[in-house]
Amino acid sequence: MSKPSPEVYEQGKGMDAHNQVMREIRGRNDKSYDPTEPTRVWLDEDNTPDGVYQSLTIILNTGGCRWARAGGCTMCGYVAESVEGGTVAHDDLMTQVQACLDHEKENADEESGLIKIYTSGSFLDEREVPAETRRAIAETFSDRERIVVESLPDFVDREKIADFTDQDLATDVAVGLETATDRVRHDCVNKYFDFADFEDACAEARTADAEADGVDVGVKAYLLMKPPFLSESEAIEDMKSSIRRCAGVEGCHTVSMNPTNVQKYTEVEQLYFGDGYRPPWLWSVAEVLEATAEEDVIVVSDPVGHGSDRGAHNCGGCDDRVQKAIKDFNLRQDPSVFGQVSCACELTWETVVERETGYNLPLAR
């Protein structure tokens, strides 16, 4: 499996140019963040193998993704919101967790059955989240039913997962796979690992599942809809293929397809301002969901910033209706919802899909 050190990532991987650009762009950020405050927290509903849960989503403010310190992914701006200095103390991280619990208490009628915990990198990387903190978080949420923790495949380990299953928590490891196509992941996303590493992480999760006492362990794959340098049609086909390949990996029960949004201090933002990038059309998201609805895997999507220039969007007039159909599909997995929305801008989208190529994108804003 890939070795988790920035030095290894850069040597002989052909990523030096991306990393140099990313380091320069991120060097423009002079903001600082409070280590006792989470990056974000919100309540929602999520579809899981056990049904739909009210969910509490927590993004912890950590010292940042170690891959991002080498340069990192072309679209990811989360590291720009990380605490400077590389580490956050255990007590500060638990203060962040308490702030999220306070948010839930103030805004929900009942406790959420599903907890989702993310960082700017990998929750299971002990340089970001110490083992002490991981175990304390597992104990804090031991009265809930299911937990999702995000990690790069390098750090997926059955003993770390056991910290949660020992608390009778069904556990899903969310892996930022982005695409099942290694060339796209390496050249467009600037992510170092291969699809085989994702398969290894799923195998580790299956072992953790076999060793757990009466609770389930699985993998949730995060895919990236339309990374930079792909045309609209290429992005659509890459997502369809990626979802189907993920569905064929034992242990991967959910795919979350995330349309790229333009985040600050990223290579994508630089391309966007230079008229070299447009986020995907919401029609493209609907096309992929509809085409893969019969696959043996839950497929969901949450277009962040939908309807804005920086997020997945159509013409502006139909964006909210299409977004509503996507959220409906997430919960019911019924592709017929997309037949209930239409707009004149579909013709423009169809033209873009037919005619846009990598060297003339974006064909339309």
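Mentor: Contact here means heavy atoms within 4.5 Å. The model is predicted, so local features need pLDDT of at least 70, side-chain atom pairs count only at pLDDT 80 or more, and totals for chains, interfaces and linings use all residues. Residues are numbered from 1 along each chain as its sequence is written, and side-chain values use heavy atoms, with hydrogens and water left out.

Trainee: Which residues does T254 touch, not counting residues up to four places away in sequence?

Mentor: T254 lies in strand β7, a strand being a DSSP run of E with at least two residues, numbered from the N terminus. With residues up to four places away in sequence set aside, T254 touches P49, V219, K220, A221, V297 and I298.

Trainee: Is T254 buried or exposed?

Mentor: Buried means under 20% relative accessible area and exposed over 50%, with partly exposed in between (1.4 Å probe, protein chains only). The relative accessible area of T254 is 2%, so T254 is buried.

Trainee: Which element gives the most to the lining of the largest cavity?

Mentor: A cavity is a set of points on a 1 Å grid, over the protein atoms alone, where a 1.4 Å probe fits but cannot get out; lining residues have an atom within 4 Å of a point. The lining of the largest cavity includes D46, N47, T48, H253 and T254. Elements giving two or more residues to this lining are β4 (146–150), β7 (252–259) and β1 (40–48). With three residues, the element that gives the most is β1.

Technical notes: 1 Å grid on protein atoms, 1.4 Å probe; cavity = no way out; pocket = protein on both sides within 12 Å on 5 of 7 lines; lining within 4 Å. Helix = DSSP H or I, 4+ residues; strand = E, 2+ residues; numbered from the N terminus.
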